[in-house]
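I opened this notebook to keep track of what I looked up. The entries follow the order in which I went through the residues and elements.

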Amino acid sequence: MPVQRLNHAVLYVRDVERSVAFYREALDFEVVMGMRGAAFLQAPGSSNDHDLGLFQIGENAAPSPAGRTSVGLYHLAWEVDTLDELERVQAKLAELNALVGASDHSTTKALYARDPDGLEFEVSWLVPAALLTEELLAGRASIRPLDLDADKRRFGAQTRGGVGVSVPV
């Protein structure tokens, strides 16, 4: 049987309590288990045991050189159900000074942010399979600025994303 989905990610962070506070505020994650120097968080509505593990390595840890001077993970990506939710997350990330970008990948609408340790992550909404067109599929070849207002008019603010693509019908 092939891999079905990503169950969780684990990050090394400087200060686990600071990171927990960030992910709770930014993405509404909740701590499901913790111990000295570690925490395990779950996203709202997730059926995973946990979605994010955090391990503290201390304030003297150097920044990750991945993508600058070494190979390594670029970012993690989490999906939201609706464009209204993507807009809410965008406002929260901006309020936290964590938002670093927003892109329209045609079939995926994406926000990019950095956590307190500078680790990048994405929050995205996927156009549901029933709304995919040849134009949208062809549009994946380029990246444009995100226009949530236009996307909400086109797809609906409460349309559940990813249905038939990343969420079983």
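**Entry 1: His8**

I started with His8, which counts as partly exposed at 33% relative accessibility. I note here that the model is a predicted one. His8 sits in the segment before strand 1, which covers 9-13. I then asked which residues His8 touches, not counting residues up to four places away in sequence. I found His50, Asp51 and Leu52. I also looked up the separation of His8 and Arg18, which are 10 residues apart along the chain. Their C-alpha atoms are separated by 20 Å.

**Entry 2: the annotated domain**

I checked the UniProt record next. The entry, which is unreviewed, places the feature "domain: VOC" at residues 5-126. Over residues 5-126 I read 20% helix and 37% strand. The end C-alpha atoms of this stretch are 15 Å apart.

**Entry 3: Ser19**

I moved on to Ser19, which lies in helix 1. Is Ser19 buried or exposed? Its relative accessible area is 0%, so I put Ser19 down as buried. Leaving aside neighbours within four places in sequence, I list Val13, Leu54 and Asp117 as the contacts of Ser19.

**Entry 4: helix 1 against helix 2**

I recalled that two packed helices are described by the angle between their axes and the distance between the axes. For helix 1 (residues 16-27) and helix 2 (residues 83-95), I have an angle of about 140° and axes 8 Å apart. The two helices are therefore oblique to each other. The cut-off matters here, because only angles over 145 degrees count as roughly antiparallel.

I then wrote down the residues that make the contact. Helix 1 contributes Glu25, Ala26 and Leu27. From helix 2 come Val89, Lys92, Leu93 and Glu95. I sorted the residues of this contact into 4 nonpolar, no polar and 3 charged.

**Entry 5: helix 2 on its own**

I looked up the length of helix 2. It has 13 residues and reaches 18 Å from its first C-alpha to its last, close to the 18 Å expected at 1.5 Å a residue. Which residues of helix 2 are buried? I noted Leu83, Leu86, Val89, Lys92 and Leu93.

Asn97 is not a glycine, although its phi is positive, at about 55°. This residue follows helix 2 and is placed in the loop between helix 2 and strand 6. I put Asn97 down as exposed because its relative accessibility is 71%.

Ser106 also went on the list, with a positive phi of about 75° although it is not a glycine. I found Ser106 in the loop between strand 6 and strand 7. Ser106 counts as buried, at 3% relative accessibility.

**Entry 6: Asp151**

My last stop was Asp151, in helix 4. At 6% relative accessibility, I count Asp151 as buried. Which residues is Asp151 in contact with, leaving aside neighbours within four places in sequence? I wrote down Leu83, Asp104, Lys109, Leu146 and Gly156. Leu83 was already in my notes as one of the buried residues of helix 2.

Conventions
Residues are numbered from 1 along each chain as its sequence is written. This is a predicted model: local features need pLDDT of at least 70, side-chain atom pairs count only at pLDDT 80 or more; totals for chains, interfaces and linings use all residues. Side-chain values use heavy atoms; hydrogens and water are left out. UniProt positions are given in the numbering used here, feature names are shortened, and annotations may be inferred rather than shown by experiment. Helices (H or I, at least four residues) and strands (E, at least two) are DSSP runs, numbered from the N terminus. Axes are lines fitted to C-alpha atoms, for helices over the stretch in contact, and angles run from 0 to 180 degrees between N-to-C directions. Angles under 35 degrees count as roughly parallel, over 145 as roughly antiparallel, 65 to 115 as roughly perpendicular and the rest as oblique. Contact means heavy atoms within 4.5 Å. Ala, Val, Leu, Ile, Met, Phe, Trp, Tyr, Cys and Pro count as nonpolar, Asp, Glu, Lys and Arg as charged, and the others, Gly among them, as polar. The expected span of a helix is 1.5 Å times one less than its number of residues. Buried means under 20% relative accessible area, exposed over 50%, partly exposed in between (1.4 Å probe, protein chains only).
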